Amino acid sequence: MDKKEMRIRILKAIEHEARVDISELAVRLGMEQSDILNEMNEMEKEGVICGYLTLVDWDKTDEQTVTALIEVRCTPQRGQGFDVVAERIYKFAEVNSVYLISGGFDLLITIEGRTLKEISRFVTEKLSAQEAVLSCATHFILRRYKDHGTVLAKKYEDERQLITP
Amino acid sequence: MRDPIARKVTELKPSGIRKFFDIVSEMKDAISLGVGEPDFDTPWHIRDEGIYSLEKGRTFYTSNSGLKELRSEISKYVEASQGINYDPVSEVLITVGGSEAIDLACRALLNPGDEVIVPEPSYVSYVPCVIMAGGVPVTVDLKEENEFRLQQSELENAITEKTKLLVLPYPNNPTGAIMEKEDLERLADLIIKNDIYIISDEIYSELSYKEKHVSIISLPGMKERTIYINGFSKAYAMTGWRLGYACGPENILKEMTKLHQFCIMCAPTTSQYAAIEALRHGQRDVDEMREAYNGRRRFLMHEFKEMGLKCFEPYGAFYVFPSIKEFGMSSEDFCTELLKEKKVAVVPGTAFGDCGEGFVRISYAYSIDNLKIALERIREFLQERRG
């Protein structure tokens with residue numbers, strides 16, 4: 001197995017299982033534990049691996065959170081396209097993600113706040129106030145069914161017979 | 001009143017593990033590693049196509065041999081995977097699971113008294129199908145030291161002048177054994193010299209973890225004498241759709257289709273439409289599932305080694321077949337006690353032939369988390385037995 005293939009296999013494995021025990025992962029992938037650790041270290045340094053996250057369904061806790069998707073139309077800056085606008089937006093701590101997208105809008109932002117009010121304040125006072133921002137459309141998320149490839153709504157149940165030939 | 005049951009049926013040995021199945025089915029809270037089907041749901045895009053076919057009102061019979069579109073996709077698939085071309089019109093038949101194809105092949109090929117070589121341990125239906133078709137099963141006890149691959153000498157010893165058919169069940173349920181190209185090549189001369197036909201049950205062909213699976217049809221002179229059986233159950237996690245197929249020489253397929261027409265009419269139409277989608281756009285799903293099984297397989301082998309449980313490394317299907325001979329109990333007793341004491345269900349090797357004595361079949365069509373819990377209990381069980 002070459003380095004490239006090794007890396008892809010490691011990434012595919014840990015993408016949805018960040019907390020997997022590395023010695024177990026080594027067994028499952030048929031690799032050496034030290035090789036996996038080395039590659040992971042290297043990929044962390046190279047920024048291929050950007051972090052290890054936990055997928056939380058906040059709705060099942062007492063913590064109040066509101067998430068919104070915001071579509072933003074803006075004017076690109078001379079010589080820098082949308083990079084500068086994007087940067088000015090992603091630096092706000094409450095902004096979770098910023099994507100440049102094709103279609104009727106330029107940027108897609110996800111933002112998390114504790115209340116509707118918090119988010120609307122951000123949109124009116126911070127986001128719309130950006131010089132390059134022409135307009136935005138805010139969509140509040142009502143329910144998360146699936147996130148990061150994981151279905152949140154339903155639990156898997158094994159309905160197979162206990163024994164079949 | 002007269003005995004209503006045909007003698008042939010009464011004499012048919014009931015599946016050896018009926019008793020064990022009954023005990024298991026009463027234990028609702030048991031963890032099972034005893035299932036012979038994938039734990040994955042059928043990929044949604046395939047299910048969606050089935051649903052769409054219902055919405056469109058495609059609720060009629062198809063032609064006896066199945067939708068032409070599907071047969072042509074199957075022909076392409078076999079050509080791409082084995083380099084052998086079957087005419088979708090006359091050499092492909094869609095059946096109700098691979099199981100029906102096995103039954104049809106036996107009935108189409110056997111005259112009373114014809115002998116059929118069945119390597120064991122293997123799937124439970126070969127011997128009954130042979131008997132009901134009037135044939136005489138001649139079982140070959142495969143050996144663990146050969147990784148349960150059929151040896152040339154074993155085949156040679158089983159051949160008589162009455163031998164008509166050989167069943168080749170690889171990748172194998174329950175052992176997980178495979179036959180590689182060289183293994184098959186060693187059998188080829190014997191098969192041709194003795195003019196034997198082959199039923200090659202390759203339902204687990206996509207679940208092969210060493211090299212890509214090689215079918216006997218790809219060897220010279222074998223296509224003409226082989227009924228190649230495959231299906232959608234294992235590769236695409238479609239067991240409940242009941243869809244398989246047979247490819248083979250036109251003269252044989254014609255007669256199989258005749259039998260199929262009289263007893264089944266045609267395979268389920270909804271399933272056939274879903275299967276077209278599976279073959280056209282399902283390869284990625286197959287690859288991902290294979291990768292998941294392979295990880296579990298390696299994990300199980302590693303854990304067995306830690307426990308000191310003897311097991312040859314299987315490279316196919318989703319089973320491991322460890323030896324429990326060191327405990328001096330029968331397979332059935334071992335499984336019953338494991339179930340009663342630790343609430344883990346595995347299948348006694350004897351369910352798949354007498355030579356499965358001393359082994360148990362453990363399926364890894366379960367999530368890693370599930371496997372871990374079950375393995376922990378098996379570990380405890382083994383420790384207690386060893387004292």
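The model is predicted, so local features are reported only at pLDDT of at least 70 and side-chain atom pairs only at pLDDT 80 or more, whereas totals for chains, interfaces and linings use all residues. Residues are numbered from 1 along each chain as its sequence is written, and chains are lettered from A and ligands numbered from 1 in the order in which they are written.

B:D195 belongs to the loop between α8 and β6 of chain B, where helices (H or I, at least four residues) and strands (E, at least two) are DSSP runs numbered from the N terminus. Although B:D195 is not a glycine, its phi is positive, at about 50°. A positive phi, near 60°, also occurs at B:F148, again a residue other than glycine. B:F148 sits in the loop between β4 and α7 (152-158) of chain B and is buried, with 27 other C-beta atoms within 10 Å.

The strands of chain B come next. Seven of them form an open sheet of mixed pairing, in the order β2-β8-β7-β6-β5-β3-β4; strands count as paired if DSSP finds at least two bridges between them. At the edges stand β2 (92-95) and β4 (136-141) of chain B, each pairing on one side only. From one strand to the next, the twist averages 20°. Helix α5(B) packs on this sheet and touches β2, β5 (163-168), β6, β7 and β8 (244-247) of chain B, its direction making about 35° with that of β8(B). Such angles, from 0 to 180 degrees, are taken between N-to-C directions of lines fitted to C-alpha atoms, for helices over the stretch in contact. Within the sheet, β6 (residues 197-201) and β7 (residues 226-231) of chain B run parallel and are joined by four bridges, and B:D201 stands opposite B:I229 in β7(B).

The largest nonpolar core has 116 residues, and B:A105, B:V130, B:V167, B:I199, B:A246, B:V344 and B:V346 have the most contacts inside it. A nonpolar core is a set of buried Ala, Val, Leu, Ile, Met, Phe, Trp, Tyr and Cys residues joined through C-beta atoms within 7 Å. Helix α5 (residues 97-109) of chain B gives the largest share of this core, seven residues. Both domain 1 (7-42 + 284-386) and domain 2 (60-281) of chain B contribute at least three residues to this core; the bounds come from an automatic or database domain assignment. Leaving aside neighbours within four places in sequence, B:V167 is in contact with residues including B:I199 and B:D201, where contact requires C-beta atoms, placed from the backbone, within 7 Å.

The C-alpha centres of domain 1 and domain 2 of chain B lie 25 Å apart. Their contact takes 34 residues from domain 1 and 35 residues from domain 2. On the domain 1 side, the elements that give two or more residues are α11 (283-307) and β9 (319-320) of chain B, with the largest share, seven residues, coming from α11(B).

Chain A is assigned domain 1 (3-46) and domain 2 (58-147), whose C-alpha centres lie 33 Å apart. Four strands of chain A form an open, antiparallel sheet in the order β2-β3-β1-β4, with β2 (95-100) and β4 (133-140) as edge strands. Strand β1 (residues 66-74) of chain A runs antiparallel to β4(A) and is joined to β4(A) by seven bridges; A:I70 stands opposite A:T138 in β4(A). Across β1, β2 and β3 (107-113) of chain A lies helix α4 (residues 83-90), running at about 170° to β2(A). A:A68, in strand β1 of chain A, is partly exposed, with 19 other C-beta atoms within 10 Å. The C-alpha atoms of A:A68 and A:I111 are separated by 5.4 Å, although these residues are 43 residues apart along the chain.

Where the two chains meet, 11 residues of chain A are in contact with 19 residues of chain B.

Notes:
A residue is buried if 20 or more other C-beta atoms lie within 10 Å of its own, exposed if 12 or fewer, and partly exposed in between; C-beta atoms are placed from the backbone.
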